[in-house]
Amino acid sequence: MSKPIIGITPNFSFKERTYGIAETYVESLKKAGAIPVLLPHAPADAAALAASLDALLVSGGPDIDPVFFEEQPHPKLGSICPERDDSELTLLKAFLACGKPILGICRGEQALNIALGGSLYQDLGTQFPSEALLKHNQEGPRWYTSHTVELQQGTKLQQIYGASQIGVNSFHHQAVKNLAPGLVTAAIAPDGVIEAYEHPGHVFCIGVQWHPECMFELSSPSDKLFAAFIAACATS
Ligand code: MN
């Protein structure tokens with residue numbers, strides 16, 4: 001099979017009117033054998049993009065407007081970008097409709113859950129119902145794994161990593177609250193925060209709250225996640 005062409009949603013600065021993406025996303029896909037392309041906002045053409053591309057990677061970034069899960073903004077809600085929200089949610093629905101592989105990373109994981117009807121904690125520090133909440137906004141290097149997650153038996157994610165527990169990096173103050181219908185939890189942090197999920201009805205539809213792309217320069221278990229994502233392109 002020729003190299004799959006995978007769309008990546010970039011960040012968008014509504015102040016500067018510029019797109020941007022960390023090279024780690026691009027390099028991770030290239031290392032795994034794909035051709036990455038960046039997708040500017042084009043909600044009207046989402047169906048055409050989903051038909052043309054082999055897979056979608058929804059990247060990390062700022063917060064998502066809670067209007068999409070019918071909540072008012074919490075005081076700790078960070079910056080939001082309505083154009084990016086609209087574009088990504090439309091793209092996700094188009095790729096879901098096509099049954100093509102989807103990988104959601106951090107904000108992308110949260111967006112996928114919302115696209116399917118789930119909700120988020122707008123701020124873990126003030127809303128998560130546990131005294132034992134971990135520090136999920138690490139201040140070490142991007143590639144460093146700061147907390148563990150338990151991979152759930154019987155999930156595709158657990159098969160991919162081939163382990164019951166892995167270390168992950170953590171750069172988030174939000175997380176999945178109610179998982180959308182059809183999704184199953186695939187990884188849980190020691191404090192109970194959902195850190196990954198998947199859709200068993202799709203060839204590859206996985207969201208991870210951590211940043212596997214930050215490990216692309218290492219030989220790390222994250223390589224397996226990107227390899228499985230690329231391999232799924234040949235079967236969808
Ligand atoms: Mn975390």
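Reader: Where is Tyr144 in this model?

Author: The model is predicted. Tyr144 sits in the loop between helix H5 (124–127) and strand S8 (147–151).

Reader: Why is Tyr144 called partly exposed?

Author: Its relative accessibility is 43%. Buried means under 20%, and exposed means over 50%. Tyr144 lies in between, so Tyr144 counts as partly exposed.

Reader: What makes the nonpolar surface patch?

Author: Trp143, Tyr144 and Leu218 make it. The patch covers about 320 Å². A patch residue needs over 30% relative accessible area. Tyr144, at 43%, passes that cut-off.

Reader: Which residues coordinate the manganese ion?

Author: His136 (ND1), His147 (NE2), Ser170 (OG), His172 (NE2) and Glu195 (OE) do, at 2.2 to 2.3 Å. Donors must be within 2.8 Å of the metal, so these atoms count. In sequence, the spacing reads H-x10-H-x22-S-x1-H-x22-E. Two of the donor residues, Ser170 and His172, are buried.

Reader: Is Cys106 buried or exposed, and why?

Author: Cys106 is buried, because its relative accessible area is 5% and the cut-off is under 20%. Cys106 also has a positive phi, about 55°, although it is not a glycine. Its place is the loop between strand S6 (102–105) and helix H4 (107–115).

Technical notes:
Residues numbered from 1 in each chain as written. Predicted model: local features only at pLDDT ≥ 70, side-chain atom pairs only at ≥ 80, totals over all residues. Heavy atoms only, no water. Donors = N, O, S within 2.8 Å, 3.2 Å for Na, K, Ca; no water. Buried < 20%, exposed > 50% of the residue type's maximum accessible area, 1.4 Å probe, protein only. Patch = residues over 30% accessible without salt bridge, like charges linked within 9 Å, V, L, I, M, F, W, Y side chains within 5 Å. Areas by Shrake-Rupley, 256 points an atom, 1.4 Å probe, with all protein chains shown as cover. Salt bridge = Lys/Arg side-chain N within 4 Å of Asp/Glu carboxyl O. Helix = DSSP H or I, 4+ residues; strand = E, 2+ residues; numbered from the N terminus.
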